[in-house]
Amino acid sequence: MFEVVQIRLREGGKTSYFELGNTKPKIGDSVIVEADRGVDYGEAISGAESVSQVSGEEPLRKILRIATAGDLDQIKKNREKTKEAFTTCQKKIIEHGLKMKLIDAEYTFDRSKLLFYFTAEGRVDFRELVKDLARIFKARIELKQIGVRDEARLLGGFGPCGKCLCCATFLKDFEPVTIKMAKEQNLPLNPAKISGVCGRLMCCLGYEHKLYVELLKGLPKEGEKVNLEGCAGKVISVNALKRSITVDCGEGKFVELACKCPKGCEMHRNQRR
């Protein structure tokens, strides 16, 4: 068994499990951790959990310590220097005439490496840019091309629901989201209604889909003919959250029927014609 806690790396970074060891951070504590690119920092966003294994998180890395005053000062200085690096990189991109949009920049905790994130429509030859940046900042330079969903996660913001973006708060990875999920949730197939700030289908369509599939079990489908509770007609809408259907009985008569049976019941299914 491992005693782990969830850590969000840097600002808006990836959320991963880290082994506690002798360190017992509380939710909200800043911590220094082992990371794939060396020593890094993050914030504890969960309490301690005991797990037998952590899927997809290999190898399980450790929390080194709760951030000291010196560590927090280093993080603050890194953020200030990152702003300068961002501005400098933008100027160099213009000088080199590169077709790329700089999104963000960040130093590793020990400032040995400087990363720049950018978007571009195609491949960009940035070799001369890297040489210039390495000469200016005296550090290893990495330019990383990202997609629009990563851009939204890095920059943050608010979704159509009014809350902070899921990708910038609690989502660990981007799962595939399909238009079929929107259809099964009876959402209007209007791009403005079902797209996030990144312009792609909203992530919530994906992780809420399982709930809708469960709630729709046993309910007739839209367009299906039914004969339920003395009402014969065609189903014109299905409300998964209310577990109800609206039936067109003809002659302008519409009836809403609620299914009070356990989920996935076959009783109503047997009564259909």
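Student: Which strands form the open sheet, and in what order?

Tutor: Some ground rules to start with. This is a predicted model, where local features need pLDDT of at least 70 and side-chain atom pairs count only at pLDDT 80 or more, while totals for chains, interfaces and linings use all residues. Residues are numbered from 1 along each chain as its sequence is written, and side-chain values use heavy atoms, leaving out hydrogens and water.

Now, strands of a sheet pair through backbone hydrogen bonds, either parallel or antiparallel. Here 3 strands form an open sheet, ordered 7-8-9, with mixed pairing. Strands (E, at least two residues) and helices (H or I, at least four) are DSSP runs numbered from the N terminus, and two strands pair if DSSP finds at least two bridges between them. Strand 7 (101-107) and strand 9 (140-145) each have a single partner strand, so they stand at the edges with one side left without a neighbour in the sheet.

Student: How many bridges join strand 7 to strand 8?

Tutor: There are 6 bridges, and the two strands run antiparallel. Asp104 stands opposite Tyr117 in strand 8.

Student: Which strands does helix 1 touch?

Tutor: Contact means heavy atoms within 4.5 Å. Helix 1 (residues 69-96) packs on the sheet, touching strand 7 and strand 8. Helix 2 (residues 127-137) lies across strand 7, strand 8 and strand 9.

Student: At what angle do the axes of helix 1 and helix 2 cross?

Tutor: Axes are lines fitted to C-alpha atoms, for helices over the stretch in contact, and angles run from 0 to 180 degrees between N-to-C directions. These two axes cross at roughly 145° and come within 10 Å. Residues meeting there include Ala85 and Ile93 in helix 1, and Leu129 and Phe137 in helix 2.

Student: Which residues of helix 7 are buried?

Tutor: Buried means under 20% relative accessible area, exposed over 50%, partly exposed in between (1.4 Å probe, protein chains only). In helix 7 (residues 209-216), the buried ones are His209, Tyr212 and Leu215. They cover an arc of only 125° around the axis, which puts them on the same side of helix 7; the arc is that of the directions from the helix axis to the C-beta atoms. An α-helix has 3.6 residues a turn, so residues three or four places apart point the same way.

Student: What do those buried residues pack against?

Tutor: The buried residues of helix 7 pack against helix 4 (179-184) and helix 6 (203-207).
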